[in-house]
Amino acid sequence: MIKKDVVIIGAGAAGLMCAAQAGYRGRDVVVVDMGKKPGRKILISGGGRCNFTNENASPENYLCTNPHFVKSCLSRYTQRDFIDLVDRHGLQYHHKTLGQLFCDNSAQDIVDILMTECEWAGVSVQLRSEVISVEKTEQGYIVTTGTHTYECESLVVASGGLTMPKLGATPIGYKIAEQFALKVLPTMAALVPFTLHQHDKDRFDGLSGISVDCLVSSECGTQFRENILFTHRGLSGPAILQISSFWRAGQAVSINLLPTLNITEWLEQQRQQSAQKSLKNALATILPKRFVEMLHDTQAIPDANINQLTHGQIAALHDYLHNWQIKPNGTEGYRTAEVTLGGVDTDELSSKTFEAKKAPGLYFIGEVTDVTGWLGGYNFQYAWSCGFACGQYC
């Protein structure tokens with residue numbers, strides 16, 4: 001039996017941040033993780049460059065059954081605080097659109113910073129350590145792994161969600177929550193590409209790789225303005241990943257293919273300038289050519305010159321291009337999703353400490369909780385913020 005003050009399950013973003021903070025408080029901390037290396041999701045994020053935070057992160061960028069839950073941790077450890085941390089370590093990074101920050105070199109740089117912080121704080125990180133069981137004692141908890149048994153005062157569950165099972169994702173965190181009678185909300189893949197029904201797949205065959213700047217809306221009214229990307233399986237791209245968190249099975253999504261242009265007004269200008277031009281060729285100047293050819297070949301747009309279009313056809317074209325309706329067949333699921341929606345009900349946790357109200361000394365942080373950020377570094381910022389907050393108390 002190895003005695004520790006704190007055992008943290010999961011060597012991901014939230015777990016490592018929490019471990020370092022607890023270690024700096026003088027707590028004797030061990031992090032256990034079943035993987036071969038720490039920070040596995042960090043390493044593959046952002047195309048290997050890790051979009052490690054967002055300059056615009058605020059509570060409005062998160063989905064949670066209790067929308068007020070994230071306010072406390074996000075205000076106590078902000079994106080500025082994490083940027084200060086990486087600056088102190090000399091990280092080279094760059095800004096992208098919409099407030100996103102990426103490593104110049106590699107996501108490994110972020111993992112190295114976290115591991116260095118843990119080393120400085122005297123934290124032990126035990127890899128290839130699968131958690132077999134958790135038990136409650138009078139003093140705290142006993143955590144049994146495949147190689148060791150730990151006795152601790154505080155147990156922090158930072159085991160992540162169900163996304164990317166190839167990286168070792170398991171439901172262990174949810175099982176521990178249920179073991180101690182904590183409510184776990186239904187989970188689903190989020191920030192994930194859509195798959196399409198066969199008739200749409202057939203229609204879009206040949207469009208793979210085409211990207212279009214769009215305004216995408218869900219049935220609940222949420223909107224995102226970014227690119228959509230046609231793939232050989234369906235639809236992806238930032239706008240699709242964003243809206244997937246708000247989409248539910250059987251619903252349609254609305255896509256404004258020309259968010260910066262009114263097609264009716266544009267056609268009127270074209271009628272004055274090049275009335276003899278075919279609609280297909282005219283549209284190919286403002287939309288990808290292959291996409292316009294698909295619309296033409298499937299008779300979604302009239303086969304006519306601009307001066308031949310009737311008012312009814314123009315009105316129909318306006319509605320079609322500014323309110324294109326797609327009903328996905330589903331999503332690609334946890335295999336390619338970036339995060340898991342749902343998880344441990346935040347009403348079961350203290351928003352200040354992340355301690356379970358029903359189980360003193362038991363904490364839940366990171367993706368295992370019912371907090372899901374937008375695409376663009378928001379989920380990492382939640383990991384840093386909740387890890388920091390929990391590390392002050394566990």
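Gln270 is found in helix 9 (residues 263–273); helices here are DSSP runs of H or I with at least four residues and strands are runs of E with at least two, numbered from the N terminus. This is a predicted model, where local features need pLDDT of at least 70, side-chain atom pairs count only at pLDDT 80 or more, and totals for chains, interfaces and linings use all residues. Residues are numbered from 1 along each chain as its sequence is written, and side-chain values use heavy atoms, leaving out hydrogens and water.

**Around Gln270**
- Gln270 is buried, at 11% relative accessible area (buried means under 20%, with a 1.4 Å probe and protein chains only).
- Beyond its neighbours within four places in sequence, Gln270 is in contact with Ala275 and Ile306 (heavy atoms within 4.5 Å).

- An open antiparallel sheet is built from 7 strands in the order 17-16-13-14-15-12-18 (strands pair if DSSP finds at least two bridges between them).
- Strand 17 (324–326) and strand 18 (330–331) are at the edges with a single partner strand each, so one side of each lacks a neighbour in the sheet.
- Strand 14 (residues 223–230) and strand 15 (residues 234–236) are joined by 2 bridges; Leu229 has Ser236 as its bridge partner in strand 15.

**The nonpolar cores**
- The largest nonpolar core has 80 residues, and Ile42, Ile110, Leu362, Phe364 and Trp384 have the most contacts inside it (a core joins buried Ala, Val, Leu, Ile, Met, Phe, Trp, Tyr and Cys through side-chain atoms within 4.5 Å).
- A second, separate core of 48 residues includes Ala239, Leu241, Trp266 and Leu309.

Methods: Buried < 20%, exposed > 50% of the residue type's maximum accessible area, 1.4 Å probe, protein only.
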